[in-house]
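Thanks for coming, everyone. I'd like to walk you through one model today, starting with some helices and then a pocket.

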Amino acid sequence: MIHSTAVIHPGAKIAEGVEIGPYAVIGENVSIGKGTKIGPHAVIDGWTEIGEANTIFHMASVGAVPQDLKYRGEKTWLKIGNGNTIREFASLHLGTVTGDGETTVGDNNLFMAYSHVAHDCHIGNNVIMANSATLAGHVIIEDYVILGGLCAVLQFMRVGAHVMVGGMTSVPMDVPPYTIITGDRSESRLRGLNLIGLKRRGFSDETISSLKKAYKLLSMSGLKLAEALEKMKSDVPKTPEVDHFISFIESSKRGVAR
């Protein structure tokens, strides 16, 4: 299960059933959960915890030091959950002490080739990052987000649950959940609800109708943001999804796309 040419530090913790391919490199402070597969020439380093049943393809870089000039070798972490797929040449970096001290990845995510997760990012579950999608530092990605190829999320931004980010899109502001955003940095804007995604994931017609009303108040009413939020609270039927939509916007520190 472990190829004879793999270079594994004696201090690394490798669970039962882990497969490690030719010429892979595993660092001293790495732990890998059972059933995980590591491809040829993959490099896993740093204080990195990898859960169970993950698949890491050849040439991936997992747990490298941050691309942050303030980093001075402090003990910071990359923590990865279960069932993730990390394709070739994808890169996921450690956190920093000036951030949260860790980068975290949930379960069942797909990181396609050349995608990049920078320091102190936090990724939920069932996220897809297409080829060359890039997260700057301190980004939060909620569950069921799809990030199109070559898109770029600027540092400290948040992308809400069930959002679709179009290919080659720049994300310079927080993106409210359940929406679609496309465009370059000067033209990035919401294009409506992610209706196809919501229907595929089993959202009821009533929930989608309520989200439509909330979205129209945000992006089509001409109201100021505070006024739109008050109208949502008073006029839109209450659902957990509408509550999340409102609370996400209210908690934004860097503005939300409209």
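The contact is made by Leu225, Leu229, Met232 and Lys233 on the H3 side, and by Phe245, Ile246, Ile249 and Glu250 on the H4 side; contact here is heavy atoms within 4.5 Å. By class that gives six nonpolar, no polar and two charged residues. For the classes, Ala, Val, Leu, Ile, Met, Phe, Trp, Tyr, Cys and Pro are nonpolar, Asp, Glu, Lys and Arg are charged, and the others, Gly among them, are polar.

Quick housekeeping. This is a predicted model, with local features needing pLDDT of at least 70 and side-chain atom pairs counting only at pLDDT 80 or more, while totals for chains, interfaces and linings use all residues. Residues are numbered from 1 along each chain as its sequence is written, and side-chain values use heavy atoms, leaving out hydrogens and water.

Back to the helices, which are DSSP runs (H or I, at least four residues) numbered from the N terminus. The axes of H3 and H4 come within 11 Å and cross at roughly 155 degrees. Axes are lines fitted to C-alpha atoms over the stretch in contact, and angles run from 0 to 180 degrees between N-to-C directions. H3 and H4 are therefore roughly antiparallel, the word for angles over 145, with under 35 being roughly parallel.

Now bring in H2, residues 205-219. How does H2 pack with H4, residues 240-250? At an angle of about 25 degrees, with the axes 9 Å apart, so H2 and H4 are roughly parallel. Ala214 and Leu218 are among the H2 residues here, and they show up again against H3. On the H4 side, the contact uses Glu241, Val242, Phe245 and Ile249.

Against H3, residues 225-235, H2 packs at about 160 degrees, with axes 8 Å apart. That makes the two roughly antiparallel, and their crossing is right-handed.

Last, the largest pocket: about 270 Å³ of space. Its lining has 13 residues, with His138, Ile140, Phe156, Arg158 and Lys253 nearest the centre. They split into three nonpolar, four polar and six charged. (Pocket: open 1 Å-grid points, 1.4 Å probe, protein both sides within 12 Å along at least five of seven lines; lining atoms within 4 Å.)

Note on methods. Grid points are joined across faces, edges and corners, and a volume is the space filled by probe spheres set on the points. Angles under 35 degrees count as roughly parallel, over 145 as roughly antiparallel, 65 to 115 as roughly perpendicular and the rest as oblique. A crossing is left-handed if the near helix is turned anticlockwise from the far one by less than a right angle, and right-handed if clockwise.
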